[in-house]
Amino acid sequence: MSLLITKPGLLTTVQDLGRFGAQKYGVIVSGAMDAFALRIANLLVGNEQGAAGLEITMTGPEIRFEQTALISICGGDLSPKLNGVSLPGWRTVLAPKGSVLTFGPMEQGCRAYLAVGGGLEVPVQMNSRSTYLRAGIGGYGGRALAKGDRLPVGNMCMRSLNLLALLARKAENSSGAVSRWSVSADLIPPYEPNPTVQVIAGEQYDWFEEESKALFAGEPFEVLPQSDRMGYRLKGPRLKLTKSVEMLSSAVTMGTVQVPPDGNPIVLMADRQTTGGYPKIAQAASVDLPLLAQVNLGGKVRFKRISLGEAQRQFIEREKAVLALRQGLDHLQQQK
């Protein structure tokens, strides 16, 4: 089974949850910017949460399904259509053989994630199928998709086959079918053009002037055009240290907020470097990383400081809800 790319879109890449285990060698993690959306899309088609799917940025591709497929689209709303009929996000969809998936205007967010039952079977490199564009590794030839590419799809597991059988009952001719089940609105991140992102104090938080701490927690910061999958460069009030310091590079992760000498913060994202040498004023809470991932260039981000305990509590509650979703889908399959 394969997907034929008839139009590539602006930037469409194969991503999974990242290339972990090699950061000590300087290898970038990469993976989906909005990992939560990819995880949920995979659950909806019966895959393991870390299966490879497509990350679709701003302007979507045109994809022809060369065999009947089970798909789901989560994350930002890029106006997907199957054979010209609008598709809802956060649901399971049967795409018949020969059907064509297209995308239109951005309605919400800027990145959508397409999961296919069986997952995308591109080669595994260093324990991941994710594309890292700067190094040209992973994904489909280490690059963004182009017209004429054929992406191989793996064999569906029993969970996927059961979901496919449920939808096949309501499919009419070649029009496909959309599931009656969907993700609870409470579980879907509250994507906004100008979100407020919760953060905990960073390792060097106390190195900053009190005024700068107050500005960081109270003023908006604009996402500059120089931003990319490596990091978001922000412009806002200049953040100042109490004194000039030199520091050794130390470990960073997705959502780390560094402040270089010009005082404008940088939020590190999926293609971040493995270490950073600028003072870290904050770390974005894991539950709010999807909000950052969906901010478009020119969007404005505000930061709200919370405690580590509160960030952990919210993360645990979200993961409980994800587990409940998987259990609900498993129960649904038993009704086939």
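**Sulfurs and rings**

Guide: Let's start at Cys157: its sulfur is too far from any other for a bond, because the closest cysteine sulfur, in Cys74, lies 16 Å away. Keep in mind as we go that this is a predicted model. Cys157 is partly exposed, with 30% relative accessible area. Now turn to Cys110, whose sulfur also has Cys74 as the closest cysteine partner, at 16 Å, too far for a bond. Cys110 is buried, with a relative accessibility of 3%. A disulfide would need two cysteine sulfur atoms within 2.5 Å, and by that rule the count is zero.

Next come the rings. Searching the whole structure turns up three aromatic pairs. In one of them, the ring centres of Phe216 and Phe221 are 6.1 Å apart and the planes meet at 55 degrees, so this pair is tilted. Both Phe216 and Phe221 are buried. Phe221 also pairs with Phe303: here the centres are 6.0 Å apart and the planes are at 55 degrees, so this pair is tilted too. That pair joins distant parts of the chain, since Phe221 belongs to strand β14 (residues 221-223) and Phe303 to strand β21 (residues 300-305), 82 residues apart. Together, Phe216, Phe221 and Phe303 make up one aromatic cluster.

Conventions
Residues numbered from 1 in each chain as written. Predicted model: local features only at pLDDT ≥ 70, side-chain atom pairs only at ≥ 80, totals over all residues. Heavy atoms only, no water. Buried < 20%, exposed > 50% of the residue type's maximum accessible area, 1.4 Å probe, protein only. Phe/Tyr/Trp six-rings, centres within 6.5 Å; stacked < 30°, edge-to-face > 60°. Helix = DSSP H or I, 4+ residues; strand = E, 2+ residues; numbered from the N terminus.
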